[in-house]
Amino acid sequence: MKFKKVFTLFMLCSAISYAQQGFNTFNEQNDFLLTSPGAMRYGLLGYDNPAILTYLEGPEAVFNWSDQNGRWNDFRRWGLFGAVRNLGFGMIHQKVQDKAVTDYRLSAAMGNRAFSLGLGYGWSGGDKETFGRSNILRAGLLIRPSRYLSLGTSGIASTEYSTKELYSELAARPLGNEFITLFADIVLRNTEIIRGKKEVWSAGAALEVIPGLRITGRYFQTKAFSTGIQLSLGNIGFTGQAHYNENQAHAYNTYGIRIGTYDRNFLGSLFPKKDYLNITLKGELKYQRYVFFDESNTLYDVISQINAAKTDPGIRGIALNATELKVPGEMLWELRERLLDFRKSGKKVVVFLERPDMADYYFASAADKIVLDPLGTLSLQGLVTGRTFYKGTLDKLGIGFDELRFFKYKSAMESFSRENMTEADREQRQRLIDVYYELMRDGISKARGISPEKLDSIVNNKMGLLPREAIELGLIDTLDRWENSSEVIKKIEGTKRSLVSAGALEKYRLPDDNKWGEFDRIAIIYAIGSTSMDGGINARKLVKDVQSAAENPRVKAIIIRVDSPGGDAMASDYIAEAIKKYKKQKPVIVSQGAVAASGGYWLSMYADTIISAPNTITGSIGVIGAWVYNGGFSEKLGFTTDLVKRGEHADLGFGASLPFLGLGLPDRALTPEERGRIEYMIKDSYDMFITKVAEGRHLKPGYVDSVGQGRVWMGPDAKDRHLVDIIGGLYDAIKVAKQRAKISEDKEIRFIQFPAMPLFDFSFLRPSIVGFELKENEFVNYMKLIIEHNGQAMPRLPVEDLHLIK
């Protein structure tokens with residue numbers, strides 16, 4: 001009891017001795033800090049160094065108190081701190097006998113994870129004169145140039161007295177993560193801090209031996225020291241710290257409670273849940289979504305979720321709802337590859353189907369268990385591709401169509417100029433079908449343990465299978481519906497498992513305090529649609545996106561995802577030349593989607609690495625043209641035109657405007673002289689195309705011509721002909737980009753995606769008539785594209801090839 005009275009008297013004398021200094025010293029706050037502020041998590045949420053507020057990811061609140069009077073529940077000294085990103089408020093209350101003071105601080109910060117600045121303002125309430133308090137101004141700086149090093153400093157000055165204090169700290173993480181952190185700090189003051197000293201230093205270490213369990217030790221210049229423990233249970237955490245004086249005798253303890261954003265969970269690390277991740281692939285799979293009110297799945301997001309689930313200790317498997325699947329075949333292949341990789345971790349995949357076709361079933365065959373609806377069907381009919389021919393229609397309409405084709409396989413205009421396929425087109429299409437069919441057949445055969453010959457027999461003789469037949473043939477494991485997925489998984493696992501959304505994955509919940517510094521970034525630029533200067537791909541804008549990514553010092557590599565059948569040669573070349581220019585600054589990787597042919601291949605050819613899926617349609621190195629003109633159409637509709645001109649060919653494009661399309665239909669066909677001139681320009685464009693491909697792919701022009709002539713290739717055939725480098729998808733492009741940029745495989749990165757998406761989808765504002773909805777028609781859009789480029793060389797695939805194979 002006598003010691004407590006002496007201790008209380010000492011505290012009061014200490015407080016009075018600091019009178020007229022303006023504020024409490026940094027060391028007076030140290031009993032609430034387990035380490036230097038920047039060494040572990042977020043310190044006192046800006047009360048100590050306001051610059052640290054840039055690291056917060058959400059709301060945080062901490063309550064600390066000490067038992068300096070010998071009782072753990074004696075709240076004579078306590079602190080309350082709260083913050084959101086870049087803004088914090090805190091207070092420390094101190095009571096000595098019948099005197100008390102509360103110090104308040106408001107803090108704000110700006111910057112990024114590598115460099116941030118903070119400012120703070122403080123004031124006090126209570127017995128300010130007894131404790132020598134005044135208003136204060138504070139400035140802080142936090143520099144984290146890498147994941148290994150953190151440098152912080154904070155200066156404070158009284159607004160009434162001449163008192164000033166400077167605090168500096170250094171922290172290091174030898175392993176680049178939170179497992180071990182070493183730290184040291186020093187406080188410099190223009191008045192006495194303790195026993196005649198104007199500077200006091202400390203040093204220590206923090207260990208996070210188990211995620212969520214942190215142990216700390218700290219030694220002070222005065223020979224005092226402290227040991228602490230912090231235990232996190234996710235959104236709540238607890239802190240305890242024992243303080244020893246300069247004689248190494250126990251002096252007092254401090255405690256803390258934290259509530260806020262999710263932190264690494266101590267119990268979750270020791271006793272992880274074994275949930276199933278619920279992935280629902282409903283409808284189409286996009287590349288990008290609108291910022292607001294768009295819950296669509298994207299390819300990147302689903303790939304990321306599967307990869308995150310693979311390493312998440314709380315995930316036992318994936319339950320995949322594919323009952324309403326409408327995903328292109330190339331994307332299905334990419335997702336299938338990720339599911340097969342996921343299974344290598346020993347975790348299970350269960351896929352639910354209703355009426356799958358062969359492509360859907362091929363995707364689902366990656367699962368451990370395939371569940372079919374009891375009233376569903378399995379359609380294994382094989383693959384088909386064809387095209388509709390409009391020559392007779394155009395003849396009846398009175399629209400003339402002159403196909404300007406000079407290369408064997410360049411068949412983009414056959415639908416308008418012929419009544420059936422050329423042998424060259426039939427040859428290349430059959431090869432596409434064969435490659436994709438064998439990809440699916442062999443994949444299903446391997447996954448389900450069925451010989452390729454037996455699968456061929458099922459395709460050729462069964463066509464469609466009833467549920468019981470599918471089970472008997474070993475193609476389906478059980479019959480049930482997605483609504484009963486929990487019970488199905490319970491039967492598979494032998495115990496109940498919860499289905500959780502992607503938001504429950506550790507990757508999307510864990511804080512980034514375990515990683516210092518700004519993240520390296522990889523830019524993903526989507527080049528989707530017809531190559532056009534202002535529509536489709538929007539080449540003018542896309543080139544600016546490439547430039548922006550190339551000039552951003554944080555972006556270490558660029559991935560361009562190409563899903564384009566071509567179109568305007570100028571638009572393709574715009575983008576190709578930008579890639580050629582900026583790949584000198586950083587790696588540029590092209591990931592080809594379902595179609596990256598003709599103009600889509602043109603814009604790919606200068607990349608450091610071209611990655612194609614086994615069912616990507618690529619190549620089609622060639623150009624074609626057409627002349628669409630009035631062959632009686634105007635007369636049938638009662639249109640007439642008249643003109644005056646100067647220039648022999650000035651009337652070449654003149655004609656009546658087509659209703660609803662807003663395009664002019666030339667009045668006449670080409671003369672032999674005009675057709676010869678256009679032929680010369682198209683062939684010159686082709687020569688330029690093969691010359692550029694030869695340069696970009698380090699091949700001889702003659703060889704490029706031999707694999708060109710407009711011929712399309714599937715990924716493996718294109719690789720064999722040196723048109724692409726690697727068979728893979730977006731995930732593989734990310735791996736290659738990291739390797740090219742010399743980013744270690746285990747280092748976490750962030751992605752910037754271009755182009756920036758609009759905030760909302762305003763298509764619902766489009767006027768409509770009740771019971772009738774006007775949708776864009778690919779045939780109409782293709783005709784518009786041809787007429788817009790009438791007589792010009794076009795590196796373009798047929799419109800049907802956009803959906804050549806699912």
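These legends go with a few close-up views of a predicted model.

View 1. Strand E8 runs over residues 164–172 (strands are DSSP runs of at least two residues, numbered from the N terminus). Glu165, Tyr167, Glu169 and Ala171 sit on its covered face, while Lys164, Leu166, Ser168, Leu170 and Ala172 make up the uncovered one. In a regular strand, side chains alternate between the two faces of the sheet.

**View 2. The neighbours of E8.** E7 (residues 149–158) pairs with E8 in the antiparallel sense over nine bridges; pairing takes at least two DSSP bridges between two strands. Five residues separate E7 from E8 in a hairpin, and alanine 157 has lysine 164 as its bridge partner. E9 (residues 180–189) also pairs with E8 in the antiparallel sense, over eight bridges; here glutamate 165 is partnered by arginine 189.

**View 3. The largest cavity.** It holds about 310 Å³ of space, the volume being what probe spheres set on the grid points fill, with points joined across faces, edges and corners. A cavity is a set of points on a 1 Å grid over the protein atoms alone where a 1.4 Å probe fits but cannot get out, and lining residues have an atom within 4 Å of a point. The lining has 25 residues, with Arg41, Gly43, Val62, Gln230 and Thr239 nearest the centre. Strands E1, E12, E13 and E14 each supply at least two lining residues.

**Notes.** Residues are numbered from 1 along each chain as its sequence is written. Local features need pLDDT of at least 70, side-chain atom pairs count only at pLDDT 80 or more, totals for chains, interfaces and linings use all residues, and side-chain values use heavy atoms, without hydrogens or water.

Technical notes
Buried < 20%, exposed > 50% of the residue type's maximum accessible area, 1.4 Å probe, protein only. Helix = DSSP H or I, 4+ residues; strand = E, 2+ residues; numbered from the N terminus. 1 Å grid on protein atoms, 1.4 Å probe; cavity = no way out; pocket = protein on both sides within 12 Å on 5 of 7 lines; lining within 4 Å.
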